[in-house]
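Reader: I'm new to this one. Can you walk me through it, a piece at a time?
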Amino acid sequence: MRLSLSFACQIGLLSCFLASVAAWAEESSLDKGEAVAPPAVVKLQATVQKTENYPINLETVLKLVEDQNLLIAKDRKNTEIFKSRYRQRQAALLPSIEGSLNQSRLEGGQQIFGGEVFTVVRTTVQPQLTASWTLYPGGKNIYEMLAAKRREQSAGFLLKETYQEQLAGAAQDYYKLLAAHLKKGVIVRSLLQAEEQVKLNEAKVKAGNGIPLDLSRARTNYAQQVSNLLQAETAIIQAEQDLLNRLNLDSSLHLVPDVAEAQRRELVSDERTVQAWLAESLPSHPSLQNMQAELKALGMDYKATRSDLIPSVTVRAYTNGTGPDWNSLTRTSYGGFSVNMNLFENLGLQVPLRMQEKKKLVEQKTLELQNLTRNIESQVVSAYLSSQNYKSAIEAAQQEVDAAQESYDLAVGRFKAGYGINLDVLDAGAALETARNN
């Protein structure tokens, strides 16, 4: 998304910002682990204008994905298509019944009878009812029906895979948007601290015991925090558009996340080993189930092709009648069968070559299944280890915040008392901001 920021907006940022967030900063409790909802102090002149606030939480996001996601809707239609194809293959097992009716009238012929000339009028009625049923002893129709059934199952597993991917992606997009809002809150606090440093250094310079260089550094730090705030606003808009696209919502909506949900949720139990997760994930993974169904369908295709080597038997019966009118039809009935073989299609090479192709497709899909299994095993192990690492990292990050806050308070106190230097305060402030972001 292309964004443009007016120059006047940048110039007027300080005055509107300080008036908006002064009261909020006093009550902020981010360092205590609570969620902070930063005020909207930066107005970006974006190409997409937001017209309405749309409050959301994770439950709402997941519900909207299920109801409105376009990829899920597409795969739902795909399952309906394969279900229809399966029904078509079932119908192919049934006999065919045809009916026809021919009626003709001949006028204009002349005959002489008893010395008189008569115009001949001849009417013929010929109804016919035909029933035929082609049997494949090798089971071609059966195998084609089973292949269609497996592909219907494959489409269902593909829908399940897409459903899970979109749910997971929506949750990640939601927390990405939530993190962007929280990061903005971190920057707001850092900006307030930078503003206080500017005031403190200005007071020291006016009192004659300050260094102009310290004031310049403080102002530079403040300008950097302003830039960071603008970048945070841009990140919010980008995360918002990603989530709107996944939820198939109008891009003019402004998503307002429930920041009260900014808390850790344990999804992976420490009591289960990675081997237990592997044992559970492999049999039920939709990607594997999808490919296994496709592999079985290819196996049925091979058997259906092989059935072409076996003669096909067609049973045929019909009854018809011929006569000048419906009351005087001469009836005829027929019943019999015919045997057809295509062993010598293209000098007998066509069927074996098709069988060879189907067999290679089965072998190829088998290799793909083995490779996918290995990849999923690797993903499960990696995800499990990442979950454990992130859990310990969160605890370490919280301790880092506490230590950085204490260091910052100490540096500010020493500087106010005249025992410290401004550079120590700036360094401590940067360390505190980093710890909060972590």
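Predicted model: local features only at pLDDT ≥ 70, side-chain atom pairs only at ≥ 80, totals over all residues.

Reader: Okay. At what angle do H9 and H10 pack?
Author: About 160°. Helix H9 covers residues 350–417, and helix H10 covers residues 422–437. Their axes are 8 Å apart.

Reader: What does that make H9 and H10 to each other?
Author: Roughly antiparallel. The angle is about 160°, and the cut-off is over 145 degrees, so the label follows.

Reader: Is the H9 and H10 crossing left-handed or right-handed?
Author: The crossing of H9 and H10 is left-handed.

Reader: Which residues make the contact?
Author: On the H9 side, Glu400, Val401, Ala404, Gln405, Ser407, Tyr408, Ala411, Val412 and Phe415. On the H10 side, Asn422, Asp424, Val425, Ala428, Gly429, Ala431, Leu432, Ala435 and Arg436.

Reader: Phe415 has a ring. What sits over the ring of Phe415?
Author: The charged end of Lys204. Its distance from the ring centre is 4.9 Å. Phe82 has a charge over its ring too: the charged end of Arg85, 5.0 Å from the centre.

Reader: Back to H10. How does H5 pack with H10?
Author: At an angle of about 170°, with the axes 10 Å apart. Helix H5 runs over residues 140–207. H5 and H10 are therefore roughly antiparallel to each other.

Reader: Which residues of H5 and H10 meet there?
Author: From H5, Lys183, Val186, Ile187, Arg189, Ser190, Gln193, Gln197 and Asn201. From H10, Asn422, Val425, Leu432, Glu433, Arg436 and Asn437.

Reader: Let's zoom out. How many helices and strands does the protein have?
Author: It has 10 helices and eight strands. The protein holds 438 residues, and buried residues make up 35% of them.

Reader: And contacts across the sequence? What share comes from residues 24 or more positions apart?
Author: 80% of the contacts with a separation of 6 or more.

Reader: Give me an example. How far apart are Lys83 and Gln153?
Author: They are 70 residues apart in sequence. In space they are 8.8 Å apart, C-alpha to C-alpha. Lys83 lies in helix H4, residues 70–91. Lys83 is partly exposed, with a relative accessible area of 41%.

Reader: How far apart are Glu368 and Leu288?
Author: In sequence, 80 residues. C-alpha to C-alpha, 10.0 Å. Glu368 is found in helix H9. At 32% relative accessibility, Glu368 is partly exposed.

Reader: New topic. How many aromatic pairs are there?
Author: The structure holds two aromatic pairs. Tyr174 and Tyr175 form one that is edge-to-face. Their centres are 5.5 Å apart, and the planes are at 70°.

Reader: Is Tyr174 buried or exposed?
Author: Tyr174 is buried, because its relative accessibility is 0%.

Reader: Now the loops. Where is Arg272?
Author: In the loop between strand S6 (253–257) and helix H7 (274–284). Arg272 is partly exposed, at 28% relative accessibility.

Reader: What does Arg272 touch?
Author: Trp277, Glu280 and Tyr384. That leaves out residues up to four places away in sequence.

Reader: One last residue. What is the phi of Asn248?
Author: Asn248 has a positive phi of about 60°, although Asn248 is not a glycine.

Reader: Where is Asn248 found?
Author: In the loop between helix H6 (212–247) and S6. Asn248 has 36% relative accessibility, so Asn248 counts as partly exposed.

Terms used: Residues numbered from 1 in each chain as written. Heavy atoms only, no water. Phe/Tyr/Trp six-rings, centres within 6.5 Å; stacked < 30°, edge-to-face > 60°. Buried < 20%, exposed > 50% of the residue type's maximum accessible area, 1.4 Å probe, protein only. Lys NZ or Arg CZ within 6 Å of the ring centre and 35° of its normal. Axes fitted to C-alpha atoms, helices over the stretch in contact; angles between N-to-C directions. Helix = DSSP H or I, 4+ residues; strand = E, 2+ residues; numbered from the N terminus. Parallel < 35°, antiparallel > 145°, perpendicular 65-115°, else oblique. Left-handed = near helix turned anticlockwise from the far one by under 90°. Contact = heavy atoms within 4.5 Å.
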